Amino acid sequence: MILLAALALEFVGSELMLRRVEAQQWRSAQAEWLAEQLIVADRLLGGVPTVERDALARRLWQKPLSIRWAPAPEPTVPRPAATGSPDLAKVRPELAGRRISMESRMAGALTMADGSQILFRSTGLPIRSSLHRHASALLLLLACVALVAWLIMRMLGRPLQRLAQAADSMGHGQPRIVPVDGPREVQQVAAAFNAMQTRLFDLVNDRTQALAAVSHDLRTPIARMRLRTATIGEPAIQQGFDHDLDEMEAFIASILDYLRGADAEPERLVDLASLIQTIVDDAQDAGGDASYDGPMRLNTVTRPLKLQRALSNVVHNALRHAGQARVALSADADTITILIDDDGPGIPPDQLEAVFQPFQRLEQSRSRGTGGAGLGLAIVRRSVTRLGGAVTLANRPEGGLRATISLPRRTVAEETDHPGKFLI
């Protein structure tokens, strides 16, 4: 847009300047042409009888210059020349000393040697604006410049587009190395970006592996402590130790489950309806009040382990806090919607988003028996987001909580991972 605007401004400005210069040159040319015609008329009419002069002048000079002959006028006070009229005596030396009165720039009277007058009036040759005549050329030039500019900007913008795509997908899977090409500045940015994301991924992976290793290694001392508590004679003390060890194991299991959300998993075609029914059946077998409402089969391409982990967390969360979980499945051509309703107390409106944060729990008692480790909903959002979907919570008007999971419905696996958040 800037290039086209500058080009159009330059074209119009140069055209106006050229027109002004041409106008000045044209005035000089018109004055010289008028002087020559008057010289010819003076010589030609001076050689014929006076009775024939006017008829000859009318026959020889017509538009754009009309010349008439008139006998000597009555003496009058000479009038000053009209403003802007040319000095014909300066244009042609032959007219020096001749009396020429100008009524306008191109009209007046030339007094002949016998006192008679040659009356002349010229409309002049008009100066036509060339803007409209050059409009087609201007449009063609602008079109060519626009095409070339678009091709150049596309060529220069392709490296930036790849860089933007890599930055958008950063943290959503493995590092995406950006080709170092294009202009020198873009190459420097691409190289710096590749080095930055490599360092960042190395840091994230090191911390994730360290935390996973610590959580896994804690299982061994917990198992030894459980064996040793079995030798305690006091049942009350033994029960207290077992309760603490159960909380520790549950917390470690939650952390490992959360960290496993970053594991790579290939996409494949699965029957989502059967997967949800399996989760509901497992909850019912464990004594939970769970139900399913939806089609018997619904095929889609997804990562089944991530999705199963997310749905299980939502269903178990509903069973733990409300005592029931009603799962409904529906789909259209592009979107799959999963609703999990319960009749529990719900969540305060100002906490509906906060509960998705890791280790965020609503219970003030910090009891793991009712609130868990605070990672369940964080695992849900992380897994669903990596699947290209979204999860929201809302309090139902009739009471209870509704969790809505929306997923894209696809029949062909994609090569790239879906957006998601990476744990740092």
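Reader: How many residues of strand β3 (residues 107–111) are buried?

Author: Five of the five residues of β3 are buried, so this strand is largely enclosed by the rest of the structure; buried means under 20% relative accessible area, exposed over 50% and partly exposed in between, with a 1.4 Å probe and protein chains only. This is a predicted model, in which local features need pLDDT of at least 70 and side-chain atom pairs count only at pLDDT 80 or more, while totals for chains, interfaces and linings use all residues. Residues are numbered from 1 along each chain as its sequence is written, and side-chain values use heavy atoms, with hydrogens and water left out. Helices (H or I, at least four residues) and strands (E, at least two) are DSSP runs, numbered from the N terminus.

Reader: Which residues of β3 lie on one side and which on the other?

Author: Ala107, Ala109 and Thr111 are on one side, Gly108 and Leu110 are on the other, and all of them are buried, so that both faces of β3 are covered.

Reader: Which strands pair with β3, and in what sense?

Author: Strands of a sheet pair through backbone hydrogen bonds, either parallel or antiparallel. Two strands are taken to pair if DSSP finds at least two bridges between them. Here β2 (residues 100–104) and β3 are antiparallel over four bridges, with Ser104 opposite Ala107, and a hairpin of two linking residues joins β2 to β3. On β4 (residues 117–122), five bridges connect the strand to β3, again antiparallel, and Thr111 stands opposite Gln117. The hairpin formed by β3 and β4 has five residues between them, and in its turn Gly115 has a positive phi of about 95°.

Reader: What is the strand order of the open sheet of four strands?

Author: The order is β1-β4-β3-β2, with antiparallel pairing. The edge strands are β1 (65–70) and β2, each of which pairs on one side only, and the twist averages 20° from one strand to the next. Axes are lines fitted to C-alpha atoms, for helices over the stretch in contact, and angles run from 0 to 180 degrees between N-to-C directions. β1 and β4 are joined in the antiparallel sense by six bridges, and Leu65 stands opposite Ser122. Helix α1 (residues 2–46) lies across β1, β3 and β4, at about 150° to β4.

Reader: What is the strand order of the open sheet of five strands?

Author: That order is β6-β8-β9-β11-β10, with mixed pairing. At the edges stand β6 and β10, each with a single partner strand, so one side of each has no neighbour in the sheet. The twist averages 15° from one strand to the next. Between β8 and β9 the pairing is antiparallel over six bridges, and Ser330 stands opposite Thr337 in β9. Helix α8 packs on this sheet, touching β6, β8 and β9, and its direction makes about 160° with that of β6; contact means heavy atoms within 4.5 Å. Helix α9 also packs on the sheet, where it touches β6, β8, β9 and β11 and makes about 145° with the direction of β8.

Reader: How far apart are the end C-alpha atoms of α8 (residues 272–285)?

Author: They are 20 Å apart, which agrees with the 20 Å that its 14 residues should span at 1.5 Å a residue; the expected span is 1.5 Å times one less than the number of residues. The buried residues of α8 include Leu272, Leu275, Ile276 and Ile279, and what covers the buried residues includes β5 (268–271), β7 (299–302) and α9 (304–322). At the start of α8, a side-chain oxygen of Asp271 comes within 3.3 Å of the backbone nitrogen of Ala273. Gly287, which follows α8, has a positive phi, near 95°.

Reader: Which residues touch the most other members of the largest nonpolar core?

Author: In soluble globular proteins, nonpolar side chains tend to be buried together. A nonpolar core is a set of buried Ala, Val, Leu, Ile, Met, Phe, Trp, Tyr and Cys residues joined through side-chain atoms within 4.5 Å. Of the 36 residues in the largest such core, Ile338, Ile340, Leu393 and Ile405 touch the most other members. A second, separate core of 22 residues includes Leu38, Ile39, Ala41 and Ile118.

How values were computed: A polar contact is a pair of N or O atoms within 3.5 Å; within protein, one must be able to donate a hydrogen and the other to accept it, and residues adjacent in sequence count only if both atoms are side-chain atoms.
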